[in-house]
Structure formats: structure tokens, C-alpha cells
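Dear colleague,

Please find below the structure that I am handing over to you.

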Amino acid sequence: MDDFTLGVLTNIGLFSFLALSAYLLLLAGEMSFGQQAFFGVGAYSGGVLTALYGVPLPLAGLAAMLLGALAALLVGLPTLRLRGLYFAMATLAAAEVARLLFELFRFQREIDGELTGPDGTQGFRGIRWIFEHGVEPAEFLLLVYGLLALALAALMIVERSRLGTVLRSVGEDPGLAASLGVDVNRFKLGVAACAGALAALGGVLFAHHNSYIEPRNFDIMLGVHSLAYALIGGLGTALGPLLGVTLDIGLLESSRVFGGTRMIVFGGLVAVLLIVRPRGLLDEQLVHRIVRHSFKRP
Amino acid sequence: MLLDLLQNTIDGIASGASYALLAVGFTLIFGVLRRVNLSFGPGIMFGCYAATWMHLNFQSGLIVLALVAVAGAVLAGAYVERLCFAPHRSGSAIAAMVASFALWMQFEELVTLVLPRHVYAFPTLHEGAPLEFAGLTLRPDTLAVLGAAVVLCALLHRLLYRSRFGLAVRATIENPVAAGLSGIDTGQVFVRVFALASAIGGIAGFLIVATHGQLTPMLGMWSTLKGLLAMMLGGLGSLPGAVLGGLALGLIEAHSQWFLGPQLRDLTAYLLLFALLAANPAWMTRWTTSRSAS
């Protein structure tokens, strides 16, 4: 595999975490414009831990996930009882606050005679753990997809369990779910924390893949993209968001056929696709039909 | 000190006037459709780019440029309405929103294909020196923006509260089903309101680029964010609220820039919005209590 393909594949994996994070909240009936904030929290905290304190990447990853979950709880606690656009705008405001705080965040230490660390709008250079520890790009790709597979497996097991049914019921009709004994607010908080941790994990990996991050990476565009990925791919299965990311980054970034008009072509395709399939390519009905066909009893 | 406060207030109201227009456009669309049009700002940007193109190729006068900006924004709005909102009228709000985001990407690429430079100069409304009055400075063009906004709001008020069309619009905002049952063609209301909102957006966009004297592809995102922010601050779904929200956003920005510096300006506005939403005051969320705002 050449470097370009490796890069594209790794990026697909990285942004899949963010798309899954948006997907999880969509299932619970909430549209978040702010998952990029937790991606950013993961990227910054993971980067600080490995580059400034020499913490090994796996530990830093766990810490970043914890921080991402905490940040999501912090945002979710006062906002999750809001509905629809109110919640979307609250998360957007929170994410922009986070991005602007990253712009103010200066925390540098001398590492090997060089100032390293977040430097406000100048960004955060020198997150070199994977280079220093001789992790080859192909190995990193495996790491990303291994973790992604774990996350997917966990999500798919949850979706097929009672918990998944509760999740979808909370998303479909929170009032009805509550009347059946589900503590909707606590349940949503748990979902938000998991989504925050997922996004943060993606962020840690993103920071170490790029070795350089800046506040602009985590702007509203990233957040809306992740929502779009989840919806284009489909809300029927956790594989949907992956399909969305693959379609966008994979087809678009790697195909130079359309030249300068690729966003025009792709944007139009997405709009038309959503007319035909408003809940994405792999929506609940299609997934149900596939599952029924492949597990047909004799 | 007092003078600075006054000056900031004036500047805040001046920029707030254009935010108010953006918020009014957003609110009209949200009010009747219950959908967020993320392409509202990019559509305005499209109109402004069309005007810039006219300016570069034909050196048209300001009036022609304003008309082109409005026509471009309405055209873009019609395209967005057909592709993103007409098909999802009764269906998914999220699908409509994501579709409008997809078209945003289209607008952004289209304008940079035709006019690829990062910044384009735009003719300003008034070249003259700022007016000085008792130590306060007033730019003539911001006065023009303020005047235009007041006139536009007055006209809109007349249209909405003194005409049959306005009655139909308000009925549709109040309850689309009941409006349909009493014989209002809500589909037609949707289309006309979309055009009206886009035209207001086009005027707002023209006034904004003509006071800034320049146009960048960032205008799309900027207008969408400012419009959304002002609409939410004014308590989603109310037109007087949208005007107040716009003015409030202008004032917050002007004062926080003065007291806390430019870096904290946007932070203050977003923090305030977050705090407001978290506090969930009744005037802000009366829409969610009467019906789902999603």
C-alpha cells in the first residue's frame, strides 16, 4: 500500500469514531452539533499526556476517553432535557466555547531543548509518540481499525440487546419510554458520556496520526460533517456511519475525476439521496430485511 | 469611560441591525417550516458573489448590485427549498438539515470556482469621513444600514400584520394543520416565505459586504452562525424576538470586545447562549411546551 492509500484509510477510520459518536446520540433522539468538541478534548489531552509527560499512548488514550466522557457529562447535564434545535444549538455553543478555549490554551514545556505544547491559535506541534516508538503507518492503521472494530462490536452487541431496544425507544418517544419505567434523563446522560468517550478516542488517534493539531481542526464544519456521515450511511446499524465516512472521504478524497467540482457533485448526490432515503442508505427497514433474510430459519 | 460605553452601544446597535435582519430571515423559515436551513448564509453568500461578479465585469452601480444580491439569494433559496425542504415537508427534520448542509458545500465550491481569489473588494456605501458628534464617531454607512433595517422591519411588520398573506403566514406559524384546514394553501405559504426570507437575507448580505467593503467565502458560515445565534438569543420562532436577539448579539459583541478583548468576544456570546439555554427560561422555550420544535 502506498502512503496516500494508507493516509486515506487511516482518516476514514479516525473520523468514523466521530461519526459513531454522532450516530449514538441520534439513536437516542438528540441531534448534536458539538461532538467535535470531545474529539478536540481527546486530541489535546492525549497529546499533552504523551508529548509533555511521556505517558504511553494506551494510557493517554484511556485518560482522554475519560476526560471526553466527563466533558460530555458537563455539557449534557444542563442541556439534555432540551429538545430538538434547542439541544443542537446548546451543543453548538458549547463546542464553539471549547474551540475558543483551545485558542486561549497555552501550556508549553521544554522537551529535548524545544518548547512543545499547545500554543493557542498557533496550534500544538510535536505529538510524536508513534514516531518515537517506531510505530509504522501500517501498524497504526491496524491499531485504528482494531479499536474501531472493538467499538463497532460493542455497539452492535448493545443494539441487539435489551439495552439497544431501550435506546431506540428513548429516541422514538421519550414520554412513552419513561412511562415504561426508563429513567430517560439518566439514560441519555449515559449515552452522551459514551458518545463523548468515543469521540475523544478518535481525537487521540487523530492527534497522534497528524502529530500537529490546531483549534481550527475542531470547528463546526467537523461537527456537521459527522452528523451528515451518520445520516448518509443510515441509522439502521452502527455500520451506517462507517459507510457515510467511507463514501465521503474514500470516494471523494481519493477520486480526482471530478477535479474542482467534486463538492458540487457530492453535495447534489447527498441531497438527492436524502430525498429517496431520508434515514440514510442502511436504514432500519433495509437492515431489518437483510437480517431476516440472512438468519432465516428453515 | 461613559463615552466609550456610549460608543460601544452605538457600534453594537449598528452591527446588531444586520444580525437582526439575518435572524428575521432565519426565523421566518424556521417559523413556518420548523426546519433549520443551514444553507441560509451560503445562499446569501451566493447572491453577494453574483453582485461582485457584476461589479467586476460591468462596474454596475450600487443599486444594481443590491438587486443582483437579492435576486441571487432568492434564486439560491428557491434551489434549496426545492431540493431540501419541499421533499422533507412532513418527514425528517434532520434529513432536511443535512441536505441543506450538502448544498452549502455546493455553494461554497461554486463561488470559489467562478471567483477563486480569497478576498474581493466590494464597493462601499459611503466613502465620506465619519461624522463626529460630541466625541462620538458615527460612520455614515452604518447609519444607512440601521435605516435600511428599520425600514425593512416596518415593511415586514406591515406585510405580516396588515395583509391576507401575512395572516396566512402567521396562521401557518401558529399551527400548520389548522391553517390548512381553514383553507390556507400552506405549501404556497412555505414557498413564498422561503423567497421572502431569502430576499431579506440578500439585503442583509449586501449591507454587510458593503459596510465591510470586502467579500470572502467565509460569509456563508458567518451569516449562518450569526443568524442562528441571534435567533436563539431572541427565543426561537418569534419575529420581534429575532430583532431583539440581533441587537442583543451586536451589543454583547461590541461591549465584550471593548472590555475583554477580541479573543473573548465570540466566547462571551456563545457562553451566554449556552447559559441561557441551560437555564431554560420560559420565554425561550414556549415553543417546546406547545409543540415539538425539532
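I begin with a helix of chain B. Helix H10 of chain B covers residues 239–260, and its 22 residues should span 32 Å at 1.5 Å a residue; the end C-alpha atoms are 31 Å apart, which agrees. The expected span is 1.5 Å times one less than the number of residues. Helices (H or I, at least four residues) and strands (E, at least two) are DSSP runs, numbered from the N terminus. Just after H10(B), B:Gly261 adopts a positive phi of about 95°.

Two conventions apply throughout. This is a predicted model, in which local features need pLDDT of at least 70 and side-chain atom pairs count only at pLDDT 80 or more, while totals for chains, interfaces and linings use all residues. Residues are numbered from 1 along each chain as its sequence is written, and chains are lettered from A and ligands numbered from 1 in the order in which they are written.

Chain B as a whole contains 12 helices and 4 strands. Its radius of gyration is 19 Å, which agrees with the value near 19 Å for a compact globule of 294 residues; the radius is taken over C-alpha atoms, and the globule rule is 2.2 Å times the number of residues to the power 0.38. Along the principal axes, the C-alpha atoms of chain B fill a box of roughly 60 × 45 × 35 Å. Buried residues make up 50% of the 294 residues in chain B. A residue is buried if 20 or more other C-beta atoms, placed from the backbone, lie within 10 Å of its own, exposed if 12 or fewer, and partly exposed in between. Of the contacts in chain B with a separation of 6 or more, 73% are between residues 24 or more positions apart; a contact requires C-beta atoms, placed from the backbone, within 7 Å.

Turning to the interface, 33 residues of chain A are in contact with 37 residues of chain B. On the chain A side, helices H3 (57–79), H4 (84–104), H10 (220–233) and H12 (262–276) each supply at least two residues. H4(A) gives the largest share, 12 residues. The chain A side divides into 23 nonpolar, 6 polar and 4 charged residues.

Chain A also holds an open sheet of 3 strands in the order E1-E2-E3, with antiparallel pairing; two strands pair if DSSP finds at least two bridges between them. Its edge strands are E1 (109–111) and E3 (124–125), each pairing on one side only. E1(A) is joined by 3 bridges to E2(A), residues 114–118, and A:Arg109 has A:Thr116 in E2(A) as its bridge partner.

B:Ala199 lies in helix H8 (residues 186–212) of chain B and is partly exposed, with 19 other C-beta atoms within 10 Å. Leaving aside residues up to four places away in sequence, B:Ala199 touches B:Val70, B:Ala73 and B:Val74.

Most residues other than glycine have a negative phi. A:Ser211, not a glycine, has a positive phi of about 65°; A:Ser211 sits in the loop between H9 (184–210) and H10 of chain A and counts as partly exposed, with 16 C-beta neighbours inside 10 Å. B:Arg34 likewise has a positive phi, near 55°. B:Arg34 belongs to the loop between H1 (2–33) and H2 (40–58) of chain B and counts as buried because 20 C-beta neighbours lie inside 10 Å.

Yours sincerely

Conventions: Contact = placed C-beta atoms within 7 Å. Nonpolar A, V, L, I, M, F, W, Y, C, P; charged D, E, K, R; others polar.
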